[in-house]
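Below is a short report on how one chain of a model is put together. Look at the sequence and the fold first.

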Amino acid sequence: MAPTLSPAWRQRWPWAAGILAVAAAFGLQTQLYSGQVRTVGTIFMFVALALSWNLIGGYTGYASFGQVVFFGLGGYVTAALMTHAHWSFWLALPVSGLLAAGYGALIGIPLLRLRGHYFAVATLGVAEGTREIVTNLPDLTGGGGGITLPTVGAAASTKYLGNDGFYLVFLVLAALCLLVTALVSRSKFGFALRAIHQDEDAAAAVGINTTRTKVLTFALSGFLTGLVGATYAFQQVTIYPERLFDVELTVLMVVMVVIGGSGTVLGPILGAIGLQFLSEWLRQNYTTIHTLLLGAIIIAAVILLPQGLVNYLREARRNGDYSLLANVRRYRL
Amino acid sequence: MSATPVLETRGLGIRFGGLKAVDDVDLQVPEGQTLGVIGPNGAGKSTFINLVTGHLRPTSGQVLVDGQDLTGAKPWVIAKARVARTFQIVKPFRGMTVRENVAVGVMYGPDGMTRMGPALHRADEVLEQVGLGAAAGRSPGELSVADARRLEFAKALALSPRLLLLDEVMAGLRPGEIEPSLQLIRDLKAQGMTIIVVEHVMKAILAVSDQVLVLNAGQRLMLGPPRDVLSDPTVIEAYLGHKYAARQAAAQAAQPTPSPSAGAAPTLPAASAGSEEVSPDA
């Protein structure tokens, strides 16, 4: 049986827990060595990315395999604005997000007509194509040779933030993504997304403008991903198209969300933290075979918990059956 | 009461390549009327509903709701014009409770409630109405066939429709389960709702329809009061083939056939029983 909470507290405790977690993350910084600050900052970055992907891929059910396009675009817009126009990072950051959102809406209008694998492949194509465009605009982007942001001395448009600074920015971005997800998941809008995920015809039949809802969500997801990309570009100082449009980043977002539990608030967070920790731990302890082990663990997780950790726990608690074997049977047969 | 029909179709049709799935259908459904739609499998019944509710774009003709031209309008526009439908193959939103399934329509339908609390409350009322009140907190996957069909019904009613299109809400139900659905339709009718019932269960059509539209190969074969329609030789032939029609005519000349299912159509008992299975309709 679930512990009994008054209805008001059942509403409030997730918010309280979220605020506490973010506060704890602020406090955590003081306890870490400089190297750890960077590692944990990267975890926050992935939490933010996974939460952003979850909006379109998890709630709405449109698996964007080109999500990295927003990351790369955000990064390059910030790089171009800071380098060529000498904008402050703090101004370039929101502009990068907005441009990524606009790009999301623009490609979303045609692409979101496609369903399932077709959408996935089409977004992948857009990401690859966009990378090529960025590579072939050397005056603006530095082309394949990369672009270096002015971060030191008098030329710096914004002083480099350092490990501590980026830790905070990524934490704030992760908190923002968490807030957006929590709001979406409890709102009317969230119900529209879940309805679209389940059955688009049925969703349209009860009055949901499915086209507008999907495009808005893709743009929102692009906005958040773009903010993260912008910050990453600043952190890296020198960026290259292959790095910022790396398919592996998309894959990581997808894997984190799927393992944690797609279409939930907590799932992407747990997935991102878990996978980053695991990957780091394996790298330190099994240097030669860490990627192999990580891959094997991911496969095992997907086989045993096809619905993701959070959804599995939710269902198991309701059915009172925590058996993994029963879970596999339920989803595979 | 206005003279404008709630639904009017003029020359409504759709082609899929060379196939005219619905062909030149003229129809007027006055306010408060219940129209039964019958026809053999593939006659275009579901396609007709899809055309009226915007799930398919007509290639010819017009759809007017309350005199307003909604031809080719998107489904959500039609839903907001208080035209609601059910799907022949139930489409619950899994991962939401039964109550939330209905609340989605309350929030996004013409009433457009934004706040969760009142929307869920309204959803509960609708569930009470269809007799699913006790299942409000359950997941749609746990429902029986009959209850899943009721949920489909409730999702449509969540839009507070003035025109309700029911696509085989009784398919796959046992005789005892049909009666509550019929009663529900009668209740809605008593409230003045205009209803279109697509159904293979002849007993149901007879029990609630003021008029019956017969579709065959996409075309309007006949429109008229239920008993007239069901005893019409062309209708019998469309349903059961010309051999059966000839035999039936001969038998009727000798003596009237008693009907095995109580209250069923005078001349179509076998057809109704035989085609109750859910079938992939055009």
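Helix 6 (residues 175–190) of chain B lies across strand 3 (34–38), strand 7 and strand 8 of chain B, at about 155° to strand 8 of chain B. Helices (H or I, at least four residues) and strands (E, at least two) are DSSP runs, numbered from the N terminus. Axes are lines fitted to C-alpha atoms, for helices over the stretch in contact, and angles run from 0 to 180 degrees between N-to-C directions. Residues are in contact if their C-beta atoms, placed from the backbone, lie within 7 Å.

This is a predicted model: local features need pLDDT of at least 70, side-chain atom pairs count only at pLDDT 80 or more, and totals for chains, interfaces and linings use all residues. Residues are numbered from 1 along each chain as its sequence is written, while chains are lettered from A and ligands numbered from 1 in the order in which they are written.

In chain B, 6 strands form an open, mixed sheet in the order 6-7-8-3-9-10. Strands pair if DSSP finds at least two bridges between them. The edge strands of chain B pair on one side only:

| Edge strand | Residues |
|---|---|
| Strand 6 of chain B | 83–85 |
| Strand 10 of chain B | 219–224 |

Strand 7 (residues 163–167) and strand 8 (residues 194–198) of chain B pair in the parallel sense over 5 bridges. Leu163(B) stands opposite Thr194(B).

The contact between the chains takes 24 residues from chain B and 15 residues from chain A. Helix 3 of chain B gives the largest share of chain B's side, 5 residues.

Terms used
Contact = placed C-beta atoms within 7 Å.
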